[in-house]
Amino acid sequence: MKVLVTVTTDFFLTSLIPLILISLFFAFTANAYSSPCDQNLLKKSIGNSKIGYKERNGICEGLYTSNVNAGFELVSLEQIPIPKYDKGDSITLAFPLLDKLSATNSLRISSIALRPETYYRMDAEFSNNENIEWSVEILTADGIALKHDEIGLFGWYTNNTKQVYFPISATIGNKPATSTYTRMVLRSGAPIQRISWQLIVDEKVVSTTKLQGGIPVGQPIQIKIEWPFERPSKAKIKIIAKAHRINKPLTPIFEVAVPISPNTAITSL
């Protein structure tokens, strides 16, 4: 009986080991590749295989159906804005020169349509300190046809469940591009009566700027950020707004990782 039990046990283990190895292989393969797609937006893709939101050569982009959000949404944070483009062009998105702590995170990039009622988004991920080459094929496709000033662009990463944004620089070919300030664009799901914003560095308010009120739902709100001479590695942008029919002030705070160089798009990597 002892011999029988031993043989049975060995046979069971011999049969089980290949199954374990196969499971580990598929688990490793799944973890080795992380799709840059927003999983929620994949479920909301319009379903059109040509222009619907899906992955194409490592970049996810296309149209999706949107839910209404009454709060503030960051839709662009650019150091060098996207230049004018034509069909067949490719936009170079420069790898950001962030401080070492920020650079250890998985650095992602997103683009959102600024044109009202056009629910377009692009998602990609920087890898190996390399720039991203982004074809305008989908941007210029029939059914989307977005111009350079109708799309926002921003970088981001997650730090302890908190989303941190960083500005992006975009160029086409060898066209020269410089910028002395960072442009942030927000939009709100509620009409805004009054609004101002604060630049906060090391938990201290550096400046407060009042913006024009009377902003309808969905209209882009532009903020021009001029960094101190000694550029911080991190900063916060606090919004203070009074929305129509909402008694409590809206005070979202956006944490920003500031690139070391103001013109990252023309820095040799």
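Colleague: Which residue in strand 6 is the bridge partner of E61?
Modeller: Strands are DSSP runs of E with at least two residues, and helices are runs of H or I with at least four, each numbered from the N terminus. Strand 2 (residues 59–63) and strand 6 (residues 120–125) pair in the antiparallel sense over four bridges; two strands pair if DSSP finds at least two bridges between them. In strand 6, the bridge partner of E61 is M122.

Colleague: At which pLDDT do side-chain atom pairs count?
Modeller: Residues are numbered from 1 along each chain as its sequence is written, and side-chain values use heavy atoms, with hydrogens and water left out. The model is predicted: totals for chains, interfaces and linings use all residues, local features need pLDDT of at least 70, and side-chain atom pairs count only at pLDDT 80 or more.

Colleague: What is the average twist from one strand to the next in the open sheet of ten strands?
Modeller: This sheet has mixed pairing and the order 1-2-6-5-8-9-16-15-12-13. Its edge strands are strand 1 (54–56) and strand 13 (204–211), each pairing on one side only. Axes are lines fitted to C-alpha atoms (for helices over the stretch in contact), with angles from 0 to 180 degrees between N-to-C directions. From one strand to the next, the twist averages 30°.

Colleague: Which residue in strand 7 is the bridge partner of S90?
Modeller: Strand 4 and strand 7 run antiparallel and are joined by four bridges. On strand 7, I132 and W134 make up the covered face, while E133 and S135 make up the uncovered one. The bridge partner of S90 in strand 7 is S135.

Colleague: Which residue in strand 10 stands opposite L93?
Modeller: Strand 4 (residues 90–93) and strand 10 (residues 168–171) pair in the antiparallel sense over two bridges. T92 stands opposite T171 in strand 10. For L93, the residue opposite in strand 10 is A170.

Colleague: Are I168, S169, A170 and T171 of strand 10 buried or exposed?
Modeller: Strand 10 also runs parallel to strand 3 (residues 72–80), with two bridges joining them, and I168 is the bridge partner of E78. Accessibility uses a 1.4 Å probe and protein chains only: under 20% relative accessible area is buried, over 50% exposed, and in between partly exposed. I168 and A170 point one way from strand 10, S169 and T171 the other way, and all are buried.

Colleague: What is the relative accessible area of K162, which meets E255 in a salt bridge?
Modeller: The side chains of E255 and K162 meet at 3.5 Å, N to O. They link strand 16 (residues 253–257), which holds E255, to strand 9 (residues 162–166), which holds K162, 93 residues apart. E255 is buried, with a relative accessible area of 15%. K162 is partly exposed, and its relative accessible area is 44%.

Colleague: Which class does the ring pair of Y64 and Y119 fall into?
Modeller: Rings of Phe, Tyr and Trp (its six-membered ring) pair if their centres lie within 6.5 Å, and planes under 30 degrees apart count as stacked, over 60 as edge-to-face and the rest as tilted. The structure holds five aromatic pairs. Y64 is buried, with a relative accessible area of 10%, and Y119 is partly exposed, with 33%. The ring centres of Y64 and Y119 are 6.1 Å apart and the planes stand at 50°, so the pair is tilted.

Colleague: Over the ring of which residue does the charged end of K224 sit?
Modeller: A charge sits over a ring if NZ of Lys or CZ of Arg is within 6 Å of the ring centre and within 35 degrees of the ring normal. The charged end of K224 is 4.6 Å from the centre of the ring of Y181.

Key
A salt bridge is a side-chain nitrogen of Lys or Arg within 4 Å of a carboxyl oxygen of Asp or Glu.
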